[in-house]
Amino acid sequence: MLQRRIGIMSGLMIFSALLVWSAVTAGAQGKSAADVYGDKCAVCHGADGAGKTAKGKKLKVQDVRETIKKFDVAQMTDIATKGKGENMDGFAKDLTPAQISAVVEYYRGLAKK
Ligand code: HEC
């Protein structure tokens, strides 16, 4: 009986350790593209991609509904990775290539809304 309780207790401990671990890794890597966009891009590009934020207007960010006609996915990924001009920084240091692809995909998706 006692042994069985110890078994359950240690099982619970492993389970909660796993929960904490997955919460931590989710924070670092498992963020959704929408979260990353809201965190890193929306200040300038706007939640809707129109660039009509205070910063976006100041830096003359264009609406994704226009820029999507000029840049394909590869070009946008390149800009998001390496940056463009003085005001658009590259995100190679902050984001993994997979996160950059996902967030560019999300950004382009805003043009279709
Ligand atoms: C500090 C403001 C700022 C932030 C933050 C920012 N951008 Fe930009 N972005 C700009 C500006 C300004 C341009 C236009 C640059 C030019 O054409 O010279 C631009 C251009 C772009 C372009 C080129 C096509 C287009 O639609 O204009 C892409 C793609 C892009 N940004 C993606 C992103 C992504 C993805 C993020 C977040 C990971 C992001 N940007 C964050 C300011 C910003």
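1. Overall make-up. This is a predicted model. The chain holds seven helices and two strands, and their order along the sequence is α-α-α-α-α-α-β-β-α. The chain has 113 residues, of which 12% are buried. Among contacts with a separation of 6 or more, 50% join residues 24 or more positions apart.

2. Ligand shell. Around the ligand there are 23 residues, and those that come nearest are Cys-41, Cys-44, Thr-67, Gly-85 and Met-88. Two or more residues each are given to this shell by helix 3 (42-45), helix 5 (64-67), helix 6 and helix 7. Sorted by class, the shell has 15 nonpolar, five polar and three charged residues.

3. Helix 6 against helix 7. How are these two helices placed relative to each other? Helix 6 spans residues 73-82 and helix 7 spans residues 97-110; they pack with their axes 10 Å apart and at an angle of about 120°. Angles from 65 to 115 degrees would count as roughly perpendicular, and those over 145 as roughly antiparallel; helix 6 and helix 7 are therefore oblique to each other. The crossing of helix 6 past helix 7 is right-handed.

4. Residues in that contact. Helix 6 contributes Val-73, Met-76, Thr-77, Ala-80 and Thr-81, while helix 7 contributes Ile-100, Ser-101, Val-103, Val-104 and Arg-108. By class, this contact of helix 6 with helix 7 comprises six nonpolar, three polar and one charged residues.

5. Glu-86. This residue lies in the loop between strand 1 (83-84) and strand 2 (88-89). Is Glu-86 buried or exposed? The cut-off for exposed is 12 or fewer other C-beta atoms within 10 Å; Glu-86 has 7 and is therefore exposed. Glu-86 is 27 residues from Leu-59 in sequence, and the C-alpha to C-alpha distance between Glu-86 and Leu-59 is 9.3 Å.

6. Lys-60. The loop between helix 4 (54-58) and helix 5 contains Lys-60. The phi angle of Lys-60 is near 60°, which is a positive value in a residue other than glycine. Lys-60 counts as exposed because it has 9 C-beta neighbours inside 10 Å.

Methods
Residues numbered from 1 in each chain as written. Predicted model: local features only at pLDDT ≥ 70, side-chain atom pairs only at ≥ 80, totals over all residues. Axes fitted to C-alpha atoms, helices over the stretch in contact; angles between N-to-C directions. Helix = DSSP H or I, 4+ residues; strand = E, 2+ residues; numbered from the N terminus. Parallel < 35°, antiparallel > 145°, perpendicular 65-115°, else oblique. Left-handed = near helix turned anticlockwise from the far one by under 90°. Contact = placed C-beta atoms within 7 Å. Nonpolar A, V, L, I, M, F, W, Y, C, P; charged D, E, K, R; others polar. Near = placed C-beta within 6 Å. Buried ≥ 20, exposed ≤ 12 C-beta atoms within 10 Å, placed from the backbone.
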